[in-house]
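Open the model in your viewer and keep the selection tool at hand. The stops below each say what to select and what is there.

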Amino acid sequence: MAGTMSCYLARPPYAAVPERLTPAQPRCGKGQVRTQVELTIYDAGYTMGSMFRSEEMVLCQLFVQPEAAYISMYELGEAGIAQFRDLNPHVNDFQRRYVSEVRRCSEMERKLRYVRGELPEPPPPPKPSPTVLSPREINILEERIDYVESEIQEITRNAQNLKTDYLSLKELKLLIEKTQTFFQDHSHHRKISASVQVYNNEGVLGHLGFIAGVVATPKVPSFERMLWRISHGNIFFKQAQIDEPLKDPVTGHELQKTVFVVFFHGEQIKLRVKKVCNGFQATLYHCPATYKEQQEMLAGVDSRIKDLEIVLEQTEQHRRLVLANIARDLSTWLVAVRREQAIYHTLNMFSMDIVKKCLIAECWVPRTDLPILQKALDNGVKASGSPIPSFLHHVPTHETPPTFNRVNKFTSGFQNLIDSYGVASYREVNPALYTIITFPFLFAVMFGDVGHGLIMTAFAAIIIILEKRLAKKKTDNEIWNIFFGGRYIILLMGIFSIYTGLIYNDMFSKSLNIFGSSWRNTYDNETLVRHRMLELDPAIAYTQTPYPFGLDPAWQFAANNIIFLNSFKMKLSIIFGVIHMAFGVTMSVVNFNFFKKNYMIYLQYIPQILFLLLLFWYLCILMFMKWTMYSAVSPDPAYGTYCAPSVLIIFINMMLMKKSDSRPPCPQNMYAGQEPLQKTFLAVAFLCVPIMLFGKPVYQMIADKKKKQYQQGVESGDVVEKDPHDGGMGEVLITQAIHTIEYVLGTVSHTASYLRLWALSLAHAQLSAVLWQRVLRIGLGGGSPINAILLYVIFAVWAFFTLAILVLMEGLSAFLHTLRLHWVEFMSKFYEGQGYAFVPFSFAAILEREDDDLVVQKNGAAQE
């Protein structure tokens with residue numbers, strides 16, 4: 001088995017370019033001649049943005065006429081190419097030019113949100129609006145929104161009033177039905193209501209009065225206790241819970257209520273009882289004392305309830321019809337209002353030139369998008385009919401521009417992995433380009449299994465096929481959003497896992513004998529029956545022809561399978577780790593060349609790469625030499641399997657400058673001149689440390705000295721400002737010492753860190769083997785019908801643990817370990833990550849952010 005790995009180091013598509021955007025000074029005064037702006041469009045291959053390096057940004061100053069500003073900003077919001085700076089940082093938000101327009105849009109959005117909250121189901125998606133709304137159309141839209149809100153409020157208010165009346169009638173009906181039992185003398189089975197007199201709408205039973213009403217069921221115990229206390233026990237309290245749940249007219253929630261009747265004596269107690277009823281928000285109703293009057297009132301209440309139910313149904317139908325008509329255009333209106341608000345919010349960042357009567361703005365724009373910016377300004381002037389043009393002017397600055405990498409739906413997931421560590425510094429090499437290959441490959445080294453890779457690939461493929469449909473369904477489920485956002489990462493991880501699974505020849509812990517094993521049986525049947533375990537001599541049983549692809553399936557049945565895989569995967573992890581780190585160190589050369597720091601190649605890159613290669617790549621070379629030099633069929637006993645040395649022991653003896661032990665007939669060294677060469681490598685590696693430590697500080701000291709001499713010799717009289725962040729040579733020495741110690745120690749620890757590739761791969765394979773042997777193998781044994789039925793249950797258990805443990809948990813573990821290898825071991829060699837992201841003024845981003853916030857609010861309200 002042999003494999004090759006190729007690393008392609010691309011040249012930067014473009015280098016630092018002198019500014020060619022040099023228009024004349026714009027003038028905005030009335031009647032002045034229009035100044036032409038010259039835009040030089042470079043060769044596409046020279047300035048085209050790519051994943052290799054962030055876009056070149058330009059700080060532009062815009063001089064825009066107020067009447068053309070709205071349309072120009074609309075086109076820039078559609079394009080999403082400009083990040084505007086606030087030129088009024090010390091001005092209060094309520095004192096800015098367009099604060100009234102922002103308030104107006106906020107009020108319209110509030111009204112539309114209210115209407116959307118009244119809809120029974122989400123509105124349809126917005127219709128495309130290719131044109132910008134004129135001020136007249138915005139006024140018409142505002143009037144329409146006001147009318148819709150008032151109409152919905154009126155319908156809702158009327159419906160609530162009707163529901164309140166309906167609730168009162170239902171409570172009164174239930175109260176009358178329940179109180180009829182209260183006026184029964186159950187001991188003598190006769191009605192005592194004949195002796196009740198009625199006056200002033202109050203019931204009196206002989207010398208007793210009574211009050212009837214309805215109170216919330218949870219309040220009944222406290223209500224009864226309070227009545228007992230205020231009357232000192234001189235009342236008679238009767239209650240009956242309403243079995244039918246009632247609905248709140250405002251919220252629609254179910255209400256549990258209880259009918260009560262309080263019998264008392266005297267006006268003073270009656271007043272106290274009423275105060276308690278008011279305190280517990282009990283609803284009091286007039287209840288007749290005689291049975292005949294109760295029946296008459298009950299009949300009247302039933303008639304009113306039926307009439308009210310008809311009115312309620314008609315009101316609800318009208319409300320649904322009105323909401324259905326509004327829902328068709330609600331999303332379109334909401335998008336238009338949000339765009340309007342975003343435009344005026346951005347215009348508030350502009351400053352006003354009172355003399356020239358024009359708006360001034362500053363924004364960061366990718367150089368390749370400057371023609372789009374100029375076109376947006378020209379379209380605004382053309383649409384507004386202004387005789388005075390808008391101008392674009394480049395502003396030279398020493399400020400660090402934002403970092404902008406153009407991505408698509410495939411590369412965005414990998415770019416997010418890098419940005420989670422830190423946004424790249426301006427124009428430095430972007431690791432996301434190489435992460436597209438290295439991330440799924442290192443993941444697959446730990447997750448190598450054909451079956452598990454197929455499951456992961458199928459899952460990602462289904463999401464990708466249905467991505468348009470799934471993208472429309474907004475949700476705040478973070479786990480699902482992570483899976484959906486990283487669907488292409490999961491797809492590549494699954495494909496690479498299938499590849500490494502074929503290399504390991506592992507599919508659900510079983511090997512695939514595709515090409516036929518290169519090992520043959522050298523024992524007869526009698527010997528095989530008599531012995532449980534036999535040893536195959538590679539000099540005889542091995543055909544000396546390697547298995548065409550991956551591991552030989554014969555290793556599946558070998559007793560020393562784990563020992564062999566341990567050695568193989570451990571060495572493979574070190575080889576991959578050293579190549580990965582060496583590639584990361586080499587990527588720093590691209591940054592040094594681009595930022596004109598060629599001296600860092602000699603003072604940092606060469607010492608670092610020599611230190612890494614002379615020690616750890618030499619260790620990898622020893623592994624390859626051991627694989628190729630020693631064989632069971634070697635005619636020389638010195639190069640037989642018995643004399644194969646331990647590479648780890650050789651490396652330890654090299655670091656300790658200690659001679660290797662000799663075992664006749666084995667030679668002391670693997671090759672002639674080994675010890676002098678190892679001492680030379682060790683000496684050169686140790687000499688690289690002081691160069692890394694003192695090279696850059698000494699160079700900066702000499703460069704600063706020459707700079708001072710040059711400034712003293714120039715009789716210009718210019719005063720050179722000192723950088724306030726410059727801490728002098730002491731800070732440079734301390735910083736360089738920290739970096740040197742971190743690199744030297746990190747080289748050792750990072751190389752050992754790549755052993756996680758071996759550890760997780762071995763653990764994954766053993767867990768898969770345990771599930772097969774301890775679970776699924778039980779169902780496959782035996783031939784009885786019961787075992788056939790039992791196989792369904794056992795297979796379900798095996799499939800569940802395979803998905804839950806081996807695919808999900810082990811996949812997450814391998815993902816996190818791969819992420820650490822990239823963030824710490826790989827990117828720390830060249831990546832600074834001290835930049836800040838480019839956040840353009842974009843309608844798409846603003847609307848998506850608003851929709852996400854709405855989904856979170858809806859789900860939060862549903863949970864409450």
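UniProt positions are given in the numbering used here, feature names are shortened, and annotations may be inferred rather than shown by experiment. This is a predicted model, in which local features need pLDDT of at least 70 and side-chain atom pairs count only at pLDDT 80 or more, while totals for chains, interfaces and linings use all residues. Residues are numbered from 1 along each chain as its sequence is written, and side-chain values use heavy atoms, with hydrogens and water left out.

**Stop 1: the coiled-coil annotation**

Select residues 138–172. UniProt lists this span as "coiled-coil region", in an unreviewed entry. The span is 100% helix and 0% strand. Its end C-alpha atoms lie 51 Å apart.

**Stop 2: the whole chain**

Zoom out and colour by secondary structure. The protein has 24 helices and 15 strands. Helices (H or I, at least four residues) and strands (E, at least two) are DSSP runs, numbered from the N terminus. Of the 864 residues, 44% count as buried. Buried means under 20% relative accessible area, exposed over 50%, and partly exposed in between (1.4 Å probe, protein chains only).

Now show the surface. The protein exposes about 47,900 Å², and carbon and sulfur atoms supply 59% of that area. Accessible areas come from the Shrake-Rupley method with a 1.4 Å probe; for residues, only the protein chains shown count as cover.

Turn to contacts, meaning heavy atoms within 4.5 Å. Among the contacts with a separation of 6 or more, 81% come from residues 24 or more positions apart.

**Stop 3: the transmembrane annotation**

The unreviewed UniProt entry annotates several spans as "transmembrane region", including 602–625 and 637–656. Select residues 602–625: this span is 100% helix and 0% strand, with end C-alpha atoms 31 Å apart. Then select residues 637–656.

**Stop 4: the disulfide**

How many disulfides does the count come to? The count is one. A disulfide is a pair of cysteine sulfur atoms within 2.5 Å. Select Cys-643 and Cys-666, whose sulfur atoms are 1.9 Å apart. The link is left-handed, with -80 degrees about the S-S bond. The pair links distant parts of the chain, 23 residues apart. Cys-643 sits in the loop between helix 18 (599–629) and helix 19 (647–656). Cys-666 sits in the loop between helix 19 and helix 20 (674–713).

Are these two cysteines buried or exposed? Cys-643 is buried, at 5% relative accessibility. Cys-666 is buried too, at 9%. Compare Cys-363, which is in no disulfide; the nearest cysteine sulfur, that of Cys-60, is 5.3 Å away. Cys-363 is buried, with a relative accessible area of 0%.

**Stop 5: strand 1**

Cys-60 takes you to strand 1; select residues 57–64. Eight of the eight residues here are buried, so strand 1 is largely enclosed by the rest of the structure. Both faces are covered. Met-57, Leu-59, Gln-61 and Phe-63 lie on one side. Val-58, Cys-60, Leu-62 and Val-64 lie on the other.

Two strands pair if DSSP finds at least two bridges between them. Strand 14 (residues 358–366) runs antiparallel to strand 1, joined by eight bridges. Met-57 has Pro-366 as its bridge partner there. Strand 15 (residues 391–394) also pairs with strand 1 in the antiparallel sense, over four bridges. In strand 15, Gln-61 is partnered by His-393.

**Stop 6: Thr-740**

Select Thr-740, in helix 21 (residues 728–753). Thr-740 is buried, with a relative accessible area of 5%. Its side chain reaches the backbone oxygen of Gln-736 at 2.8 Å. Which residues does Thr-740 contact, leaving aside its neighbours within four places in sequence? They are Val-689, Met-692 and Leu-693.

**Stop 7**

Select Asn-88, in the loop between strand 2 (83–84) and helix 3 (99–118). Asn-88 is buried, at 16% relative accessible area. Beyond its neighbours within four places in sequence, Asn-88 is in contact with Arg-96, Asn-348, Met-349, Phe-350 and Ser-351.

End at Gln-239, in strand 8 (residues 236–241). Gln-239 is partly exposed, at 40% relative accessibility. Draw a distance from Gln-239 to Thr-258: their C-alpha atoms are separated by 6.7 Å, and the two residues are 19 apart along the chain.

How values were computed: Polar contact = N/O pair within 3.5 Å; in protein donor to acceptor, adjacent residues only side chain to side chain.
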